[in-house]
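Hi,

Here is the structure I promised to pass on to you. Have a look at it first, and then read on for what turned up in it.

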Amino acid sequence: MLNGKHIILGITGSIAAYKAAMLCRLLVKEGAEVRVIMTPLAKQFITPLTMATLSKHPILVEFFNPENGEWNSHVSLGEWADMLLIAPATANTMAKMTTGIADNLLLTTYLSARSKVAIAPAMDLDMYAHVTTQQNLKTLAERGVAIIEPGAGELASGLVGKGRMAEPEEIIEQVKAIFAAECKRTLSGKRYIVTAGATIEPIDPVRYITNHSTGKMGYAIAEELARRGAEVKLITGRTALPTPQGVERIDVLSAEDMYNATVKEWELADGAVMCAAVADYTPKSVADHKLKKSDDDLTIELCRTKDIAKELGSNKGNRTLVGFALETDNERANAEGKLQRKNLDFVVLNSLRDKGAGFGGDTNKITIIDNNSREEHPLMSKHDTAKVIVDKIERVTR
Ligand code: PMT
């Protein structure tokens, strides 16, 4: 897959720069031609000699060679590359990429690059979670930069959390997936809706009812559909996730908001994947002031929300409608009931009884059920789960 690909590996000043050595070695092993650009600070973390030896080419750091005045042309580098891969990408470099600051060779190359761009962020957990970093990530993703998410674990600071650069092997897989998606645009011209995340039902201006959905599963599906060329509208409850590349995101809060947005988009859609965890009940009335506590118990009267999937199913025509079933017991019968009641083409069952399945984590374990068959899949990443679901969509799409 990477044979003959021209990849610029950008290394910025992070302790994770040591992993760039292994990453470079793997890229070369996969047949890629690699040129390395380091920021001046990156040289403090890993030596140019190491990277030059592994990439088999001199390292580029400065705009020109001070010995002989020869320019390192960022424009021709940008034209040469099939991909600019920045790993590790610091918060500083991401912020500069967002605002167009061009004070080193890597950043000028980024601004000149016509190729795909992917970044693997690496930083401390609080820096990663900071609203500015998250906003920058969102902006870059909206501009088409592929974000290779950091993992969670022990960080250089000694703290534990999300911010550790993805492992080189994982980065290689994602780089391959980016190139593969280019070739496999099998859903070109199709328009899909994906609902994702949790809805929020207000009780008063301070409190609300919600659930544990993070949006990870739905976002992975939206990303996979977009990779295969579909036009995707992602109707999403509140999440901390960046918008997947090439996806149009519509933010909503309550089940009612999600219903309105989804029904509106359904008019022009070829299909929908209903992955959101939508509230089935909402407070009958929302207090316009903060409810004061007293010594008495409090009863909140709830009323039913509208079933979005069922509404789309009642007006499906020959379009593709996929639902999820999140169960804790009697899984198969419940999922089959949803398949019928909502007039789905297939239902994706995930059970909270399976370790690693359902809410929150990066994995899921699903069974795909339609009117004729039942496919059980092993525990896998939500990205791979999304691929399995989109493969099935391709098979049932008329
Ligand atoms: O977001 P993550 O943290 O990654 O977690 C993923 C997930 C567990 C949320 C996801 O895999 C999942 O199971 N989503 C569906 C959750 C759910 O609400 O399931 P349900 O069995 O209650 O609903 C059945 C189907 O009807 C779902 O497709 C749901 O989107 C849809 N529905 C439900 C209620 C409603 N009012 N309108 C709907 O459209």
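Let's start with the ligand: 29 residues surround it, and the closest are Ser213, Thr214, Met274, Lys338 and Asn350. Please keep in mind that this is a predicted model.

A polar atom in the side chain of Thr214 sits 2.6 Å from an oxygen atom of the ligand. Gly215 takes part through its backbone, where a polar atom is 2.7 Å from a ligand oxygen. Then there is Lys382: an N or O atom of its side chain lies 2.8 Å from an oxygen atom of the ligand. How much of the ligand does the protein bury? On its own the ligand exposes 780 Å², and the protein buries 96% of that.

Next, the pockets. Rolling a probe the size of a water molecule over the atoms shows where empty space is left.

The largest pocket has a volume of about 1300 Å³. Its lining is made up of 47 residues, and those nearest the centre are Ile147, Glu149, Gln174, Glu223 and His383. Sorted by type, the lining holds 23 nonpolar, eight polar and 16 charged residues. Several elements supply at least two residues each, among them helix H7 (131-142), strand E7 (160-164), helix H9 (216-227) and helix H13 (382-396). Which element gives the most? That is H8, with seven residues; you will find this helix at 168-183.

Two or more lining residues come from each of strand E8 (191-196), H9, helix H11 (308-313), strand E16 (320-327) and helix H12 (331-341). Here E16 gives the most, with four residues. By type, this lining divides into 16 nonpolar, 13 polar and 10 charged residues.

Enjoy exploring it, and write back with any questions!

Best wishes

Technical notes: Residues are numbered from 1 along each chain as its sequence is written. This is a predicted model: local features need pLDDT of at least 70, side-chain atom pairs count only at pLDDT 80 or more; totals for chains, interfaces and linings use all residues. Side-chain values use heavy atoms; hydrogens and water are left out. On a 1 Å grid over the protein atoms alone, a cavity is a set of points where a 1.4 Å probe fits but cannot get out, and a pocket is an open set with protein on both sides within 12 Å along at least five of seven lines; lining residues have an atom within 4 Å of a point. Grid points are joined across faces, edges and corners, and a volume is the space filled by probe spheres set on the points. Ala, Val, Leu, Ile, Met, Phe, Trp, Tyr, Cys and Pro count as nonpolar, Asp, Glu, Lys and Arg as charged, and the others, Gly among them, as polar. A residue is near a molecule or strand if one of its heavy atoms lies within 4 Å of it. A polar contact is a pair of N or O atoms within 3.5 Å; within protein, one must be able to donate a hydrogen and the other to accept it, and residues adjacent in sequence count only if both atoms are side-chain atoms. Accessible areas come from the Shrake-Rupley method with a 1.4 Å probe; for residues, only the protein chains shown count as cover.
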